[in-house]
Amino acid sequence: MRAGELDRRITLRRPTKAQDSYGEPLITYADEATVWAKVTPIAGGESYDGDQRTNKQRVEVVIRYRAGIEANAWLFVYDGETYE
């Protein structure tokens, strides 16, 4: 990976566990860091879920190594959009 390919800024958001007013578990997300990344769109599409049309956009994100990040738990924000 060449450093020049990391040309986009993304914000990493880590999950935090909390409880709501009824004591139920609640997952919220807190901004952890803003880092340089390579963001490549992969595929997208529309589908119907019941009577609702849904859109999905898949992207591949490459960043420098950071300890503690779990790919399936963290979110990231790129260009005003939040991605899982």
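Mentor: Start with surface. Accessible areas come from the Shrake-Rupley method with a 1.4 Å probe, and for residues only the protein chains shown count as cover. By that method the chain exposes about 6900 Å², and 44% of this belongs to carbon and sulfur atoms. This is a predicted model: local features need pLDDT of at least 70, side-chain atom pairs count only at pLDDT 80 or more, and totals for chains, interfaces and linings use all residues. Residues are numbered from 1 along each chain as its sequence is written, and side-chain values use heavy atoms, with hydrogens and water left out.

Trainee: How many helices and strands does the chain have?

Mentor: Zero helices and five strands. Helices (H or I, at least four residues) and strands (E, at least two) are DSSP runs, numbered from the N terminus. The order is β-β-β-β-β.

Trainee: What makes Ile10 buried or exposed?

Mentor: Buried means under 20% relative accessible area, exposed over 50%, partly exposed in between (1.4 Å probe, protein chains only). Ile10 has 1%, so Ile10 is buried. Of the 84 residues, 15% count as buried.

Trainee: Which residues are in contact with Ile10, neighbours within four places aside?

Mentor: Contact means heavy atoms within 4.5 Å. Among the partners of Ile10 are Ala33, Val39, Ile63, Phe76 and Val77. Ile10 lies in strand E1. Val39 is 29 residues away along the chain, with a C-alpha separation of 9.0 Å.

Trainee: How do you know that E1 and E4 pair?

Mentor: Two strands pair if DSSP finds at least two bridges between them. E1 (residues 8-19) and E4 (residues 75-78) share three bridges and run antiparallel. Thr11 stands opposite Val77 in E4.

Trainee: What joins E4 to E5?

Mentor: Three bridges, in the antiparallel sense, with E5 at residues 81-83. Val77 stands opposite Thr82 there. E4 and E5 form a hairpin with two residues between them, and Asp79 in the turn has a positive phi of about 55°.
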